[in-house]
Each structure stands twice: as C-alpha cells, then as structure tokens.
Amino acid sequence: MWQKVKVHLSMSFLVTVFWYCRRLYNCLAQLLKWWSSYLQRKFIKNLSVSPEVDLLGYCAREWKGDTKQAKHIREAYEDLFWRYHIKYLRQVKRDNYCVLRAVLFQIFSQGIPLPSWMKERDILKLPEKLLYSQGCNWIQQYSFGPERYTGPNAFGKLRKCMEALKTNWTEISSIKDHEERGNMCNTLFSDESKEHKLYEAIKFIMLYEVVEAYEQMKNREEHIPNLFSLLLARDSSSDPLSFMMNHLNAVGDCGRLEQVEMFLLGYLLEVKIRVYKLHKFNTEEFQVNYPDEYQREWHEISLLTEDDRYYHIPVTRT
C-alpha cells in the first residue's frame, strides 16, 4: 500500500513540476517575443531611411483630396509606376541632411566604391592640407550642422569625420553579399551620431574642391568644370569663405543643398544623380541629372522629390 502511495506522490510531483516548467517556458517565450518586437519597433523608428513601401499605396495615403496639386502629384507617381517601372520607395528622414542621406545610403547599399580621386589621394589629410598648405585659417569657423560648433577644435573634428567616411565606405563597399551589406547600412543609418559625421565629411570635401577650383581659376591653370563657375558666380558664394559661411555651414542645421550644389555633389562623388521632380511633372525639368556632364563609367543613383526640399529613394523592380 505504501509503495503505491509513493508511486502516486512521485507521479503527482513530476506532473506538477512539468506543469510549472511549461508555464515558465510559455512566460519566457512571451517575454522574448515582446522584447524582440520592442527592439524591432525601436530599430525601425531610429532608421533614417525606412524600409520599402508600395509606391502607389504611399501616394494614395499622402496625396488624398481633389486639389490641383494633389491630382498633379498623383499623376506623376502613376507615371513613375507605369513608364519607369518604379514600384516602391524608401522614405528618407525629413531634415536638412535629407539629400546627403539619400545619396550616401544608395552609394553604400549598392556597394559603389570610393571615387577614383579618393583612392589616389589620402582624404584624411585634406583638413590638414587646407589649413596648413593653403593657409585657410578661416576653417575654424566651419560649423557642424545642428551642432553649430565652431572653434579651434574644428580641425580635429573634421579629421574624425573624414576617418568615419573613409572607414565605413571602404568596409561596406567591400561586402559582396547584398543582404549583409543592407544590414550594415541599416545599422549605420540608425545611429545619428555616426550618420552626421559622414555628412559633415561630404560637406568638407565640397568645400575643399571649391578651394582648389578657386585657386586654379585665379591662376588660370587649367580647364575648370562649368559647375564651379556657376557656384562662384553667386553673390553669396563668390569665394570659398563666403561659400562656407553662407551655404555649407547651414546645411544640416537651418539650410539644405541648393541645385547648383547638387551638381558639385555628384561631381565629387563620381555618381550620376538622377532626380525625378514630381512637382515638375509634364515639363522638361521632371527628370534632371546632377551633374549634367558625367563620365560614362560613373554609377547612377536615383532620387525623387515632391518639392525640391525633401527627397525619397525610388526602387525599381524588373
């Protein structure tokens, strides 16, 4: 009798233990699922370039109503869908780094290598060269976008930005697997601090190119691309210092790249930037290339804009 009781108690104990273990397992599974969902929502929220969404679905949500402008933009989106086979888009964070973000994200995600001139020269030495070799002491007035930092440490900060650009560009472009490269891009473009370093490096390279072109134009040394003449013809950027103070310093803070600076951006990165301007639909300016003179071997990236202020990334499916 006692043996039967012991067997019964043992079985009851095992059943109870099993039941509690199963409850614990279910609770842990639910907790893990919640935590994974939370991290995913937080990651997507921090992404400055959102995942792909259906092009016409996005258009229907964003451009409701019967206003003349809404109808015009809807027609432009439908034209992109049917004529250019653009089926999706990736929304880009709307701030004053928007166009730089859209361009760099595509360069990195496509694995486009460093421009030829960046391979020939050590871009890490450009701040030093500008400050010491060319005597541009005014570089201390360089402002880092929303940080609005200026001062004696500008040189050191610029060098860190250049290091970040070269390191990330070299590392990501060397990855052959598209999915792995995409994951690295998503990680990079969800870290605001790292992102901003990349954009400031690009801004500085634009400044450096203008300084070099300005000196060549003064000395009548060689043929200079027409885009520099256009840029320096503005009253607000007649020399490199005024270009920095009146234009570049505002980018990322209270201003963004203007059209003539888009030509410079494509030129120095050695990419053809094709922009679909939806507000210019049915005009010659609906599709514009930056720069308009480019080398055949340059890679091509595409942007779309509804207002020349903010940009998104069109995605083509063949």
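Q: What do buried, exposed and partly exposed mean here?
A: Buried means under 20% relative accessible area, exposed means over 50%, and partly exposed lies in between, using a 1.4 Å probe and protein chains only. The model is predicted, so local features need pLDDT of at least 70, side-chain atom pairs count only at pLDDT 80 or more, and totals for chains, interfaces and linings use all residues. Residues are numbered from 1 along each chain as its sequence is written, and side-chain values use heavy atoms, leaving out hydrogens and water. G156, at 27% relative accessibility, therefore counts as partly exposed. Of the 318 residues in the protein chain, 46% are buried.

Q: Where is G156 found?
A: Helices are DSSP runs of H or I with at least four residues, strands are runs of E with at least two, and both are numbered from the N terminus. G156 is found in helix 7, residues 154–173.

Q: How are helix 4 and helix 8 oriented to each other?
A: Axes are lines fitted to C-alpha atoms, for helices over the stretch in contact, and angles run from 0 to 180 degrees between N-to-C directions. Angles under 35 degrees count as roughly parallel, over 145 as roughly antiparallel, 65 to 115 as roughly perpendicular, and the rest as oblique. Helix 4 (residues 98–109) and helix 8 (residues 178–188) pack at about 150 degrees, with axes 9 Å apart, and are therefore roughly antiparallel.

Q: Which residues of helix 4 and helix 8 meet?
A: Contact means heavy atoms within 4.5 Å. F105, F108 and S109 in helix 4 meet H178, R181, C185, N186 and L188 in helix 8.
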